[in-house]
Amino acid sequence: MPKVFIERENKHVEVTASSVKEILQKLKINPEVVIISKNNELVTEDSKVSEKDEIKLLSVISGG
Amino acid sequence: MRYARQEKLIGKQAQKELSKKTVAIVGLGALGTNVSSLLARSGINLKLIDFDKIDLTNLQRQSLYTEKDVNKQKAITSEKKLKEINSEISITSFNEKLNDSNLHLLDSNLVIDCTDNLTTRFLINDYCYNKIPWIHTAAIKETGVLFNIIPNKPCLKCIYKKNIDLDRCEDFGVLNSIVSLIASLALTQSIKILLNKDPETNLIRFNIWNNNLEKIKVNKTCEKCQKSS
Ligand SMILES: [Zn+2]
């Protein structure tokens with residue numbers, strides 16, 4: 001199962017899923033409030049995920 | 001003499017080149033005041049853009065302002081303070097909110113986004129697109145981000161697809177250490193961009209509470225960038 005880090009909750013979880021979209025749905029996370037990295041590369045919701053992938057759901061930061 | 005320590009690193013010729021460059025700073029809050037101070041000290045000309053007034057709660061992190069500045073205009077106050085730091089550079093200030101009709105204020109060699117909202121950032125992205133290099137910076141709580149947006153390379157929309165309401169410093173707070181760190185990264189990247197010396201291509205994210213640094217590769221994923229590549 002791909003390992004998923006949820007930055008907002010500072011938590012690592014394992015999710016059975018074949019795409020980023022599925023991960024977000026299963027974790028009930030609004031795709032608009034996060035940017036998604038897969039193995040340190042920014043990806044979109046459509047991106048496929050496999051066993052060894054390391055996914056990070058990082059909060060969108062806007063303050064200045 | 002003034003730039004002797006910096007010249008030792010970048011060279012006399014590069015310092016001369018920097019003295020001919022102008023950086024436009026959008027937003028004179030925490031990031032804007034910190035980075036403009038570093039740029040002024042480095043001998044780079046400045047255009048300062050902000051419409052806001054100084055509030056007592058700004059003093060915790062907005063390094064150009066002191067108690068007697070509360071309620072004064074940020075742009076004019078910053079100009080005055082920066083001229084005290086370096087009278088040899090050109091500094092102009094604009095007490096304006098960036099909108100569709102005054103985007104020409106961004107005309108410069110480099111724009112640094114020190115705003116606090118995606119609406120203004122998307123305005124900068126559209127105006128500067130494949131024309132003016134700019135640095136996107138942001139910070140909240142203990143985390144900051146920086147991304148260089150260089151003509152013909154991925155743009156802001158390759159990271160953020162939509163304009164949404166996000167966490168605000170008023171509600172979630174921000175440490176002054178993270179803004180000063182991001183401002184330092186921005187100054188370094190400014191010098192690299194202005195001198196054409198391999199600026200960072202990754203999205204940089206730093207959490208100053210746990211010292212976690214992330215370098216994330218960004219690809220051309222927005223419609224506009226995909227068409228132009
Ligand atoms: Zn783009």
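This is a predicted model: local features need pLDDT of at least 70, side-chain atom pairs count only at pLDDT 80 or more; totals for chains, interfaces and linings use all residues.
The size of an interface is often given as the accessible area lost when the parts come together. For chain B and chain A, the area buried between them is about 2,100 Å². Carbon and sulfur atoms account for 55% of this area. In terms of residues, the contact involves 34 residues of chain B and 18 residues of chain A.

Charged and polar groups also meet across this interface. The rule finds 4 salt bridges between chain B and chain A. In one salt bridge, the side chain of A:Glu32 meets the side chain of B:Lys162, with a distance of 2.8 Å from N to O. Polar contacts between chain B and chain A number 12 residue pairs, counted where both residues have pLDDT 80 or more. Several elements of chain B each supply at least two residues to the side that touches chain A. The helices that do so are H3 (30-41), H5 (118-128) and H6 (169-172), and the strands are E5 (134-140), E6 (143-149), E7 (203-207) and E8 (212-216). By class, this side of chain B is made up of 18 nonpolar, 7 polar and 9 charged residues.

Rolling a probe the size of a water molecule over the atoms shows where empty space is left. The largest pocket holds about 830 Å³ of space. Its lining consists of 40 residues, and those closest to the pocket centre are B:Asp52, B:Thr115, B:Asp116, B:Asn117 and B:Glu170. H5 and H6 of chain B are the elements that give two or more residues to this lining. Of the elements, H5 of chain B gives the most, with 3 residues. Sorted by class, the pocket lining contains 12 nonpolar, 15 polar and 13 charged residues.

The volume of the largest cavity is about 60 Å³. It is lined by 13 residues, of which B:Tyr129, B:Asn130, B:Ile149, B:Ile150 and B:Pro151 are the closest to its centre. The cavity lining divides into 9 nonpolar, 3 polar and 1 charged residues.

Note on methods. Residues are numbered from 1 along each chain as its sequence is written. Chains are lettered from A and ligands numbered from 1 in the order in which they are written. Side-chain values use heavy atoms; hydrogens and water are left out. Contact means heavy atoms within 4.5 Å. Buried area is the accessible area (1.4 Å probe) that two parts lose on being put together, summed over both. A polar contact is a pair of N or O atoms within 3.5 Å; within protein, one must be able to donate a hydrogen and the other to accept it, and residues adjacent in sequence count only if both atoms are side-chain atoms. Helices (H or I, at least four residues) and strands (E, at least two) are DSSP runs, numbered from the N terminus. Ala, Val, Leu, Ile, Met, Phe, Trp, Tyr, Cys and Pro count as nonpolar, Asp, Glu, Lys and Arg as charged, and the others, Gly among them, as polar. On a 1 Å grid over the protein atoms alone, a cavity is a set of points where a 1.4 Å probe fits but cannot get out, and a pocket is an open set with protein on both sides within 12 Å along at least five of seven lines; lining residues have an atom within 4 Å of a point. Grid points are joined across faces, edges and corners, and a volume is the space filled by probe spheres set on the points.
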